[in-house]
Amino acid sequence: MPATQHPTEFDPRQLAAAARSILACPAEVNLVVDGVDNLCADEEELGMTDDDGRPMLVCPTHSPLGVAAIDGRSALLTVTSGVGQAGSSSRNARVTLAGRLTV
């Protein structure tokens with residue numbers, strides 16, 4: 001370890017790579033949107049894809065999530081890792097992103 005790096009510090013490049021891996025291979029996704037109580041109110045299918053390290057949520061524009069995006073509402077997205085074998089410590093990793101939804 002370099003003398004300038006504290007033992008509890010992490011390399012931001014390694015953390016970013018791990019976060020991108022989790023986004024690309026999620027085991028579980030949890031989305032909370034400001035002012036929207038039930039994102040699946042009409043049982044519409046919601047999807048998430050990884051767009052070069054950025055999560056892209058996919059839904060019909062008239063769905064509660066679509067309307068929230070049109071309104072630019074705040075959201076928290078927590079993704080649990082699907083990287084590694086079931087039961088491995090890498091499956092305990094999570095990434096939480098906060099921001100505003102956009103269309």
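Residues 24 or more positions apart account for 56% of the contacts in the chain with a separation of 6 or more, a contact being heavy atoms within 4.5 Å. This is a predicted model, in which local features need pLDDT of at least 70 and side-chain atom pairs count only at pLDDT 80 or more, while totals for chains, interfaces and linings use all residues. Residues are numbered from 1 along each chain as its sequence is written, and side-chain values use heavy atoms, with hydrogens and water left out.

**Whole chain**

Colour by secondary structure. The chain has two helices and five strands, in the sequence pattern α-β-β-β-α-β-β. Helices (H or I, at least four residues) and strands (E, at least two) are DSSP runs numbered from the N terminus. Of the 103 residues, 20% count as buried; buried means under 20% relative accessible area, exposed over 50%, and partly exposed in between, with a 1.4 Å probe and protein chains only.

Select residues 26-33, 74-81 and 94-100. Strand S1 (26-33) and strand S5 (94-100) are the edge strands, each pairing on one side only, and strand S4 covers residues 74-81. The sheet is open, with the order S1-S4-S5 and antiparallel pairing. Neighbouring strands here are turned by 15° against each other on average, direction ignored; the axes are lines fitted to C-alpha atoms, for helices over the stretch in contact, and angles run from 0 to 180 degrees between N-to-C directions. Strands of a sheet pair through backbone hydrogen bonds, either parallel or antiparallel. Two strands count as paired if DSSP finds at least two bridges between them; S4 and S5 are joined by seven.

**Thr80 and Ser81**

Stay on S4 and select Thr80, which lies in this strand. Its bridge partner in S5 is Arg94. Thr80 counts as buried because its relative accessibility is 15%. Not counting residues up to four places away in sequence, Thr80 touches Ile22, Pro26, Ala27, Glu28, Arg91, Ala93 and Arg94.

Move on to Ser81, also in S4. Is Ser81 buried or exposed? At 2% relative accessibility, Ser81 is buried.

Select Ala19 in helix H1. Ala19 is partly exposed, since its relative accessibility is 21%.

**Nonpolar core**

Show side chains for Leu31, Val33, Leu39, Leu65 and Leu101. These have the most contacts inside the largest nonpolar core, which has 14 residues. Such a core is a set of buried Ala, Val, Leu, Ile, Met, Phe, Trp, Tyr and Cys residues joined through side-chain atoms within 4.5 Å. Helix H1 (12-24), S1, helix H2 (64-71) and S4 each supply at least two residues of this core. Centre on Leu31: beyond its neighbours within four places in sequence, it contacts Leu39, Leu57, Leu65, Ala75, Leu76 and Leu77.

**The S2-S3 hairpin**

Strand S2 (residues 47-51) and strand S3 (residues 54-58) run antiparallel and are joined by five bridges. Asp50 stands opposite Pro55 in S3. The two strands form a hairpin with two residues between them, and Asp52 in the turn has a positive phi of about 55°.

**Salt bridges**

How many salt bridges does a search of the whole structure find? There are three, a salt bridge being a side-chain nitrogen of Lys or Arg within 4 Å of a carboxyl oxygen of Asp or Glu.

- Asp51 and Arg54 meet at 3.0 Å, N to O. Asp51 is partly exposed at 30% relative accessibility, and Arg54 is exposed at 53%.
- Arg13 pairs with Asp11, with the closest N and O atoms 3.3 Å apart. Arg13 is exposed, with a relative accessible area of 65%.
- Arg73 pairs with Asp71, with the closest N and O atoms 3.7 Å apart. Arg73 is partly exposed at 29%, and Asp71 is partly exposed at 48%.
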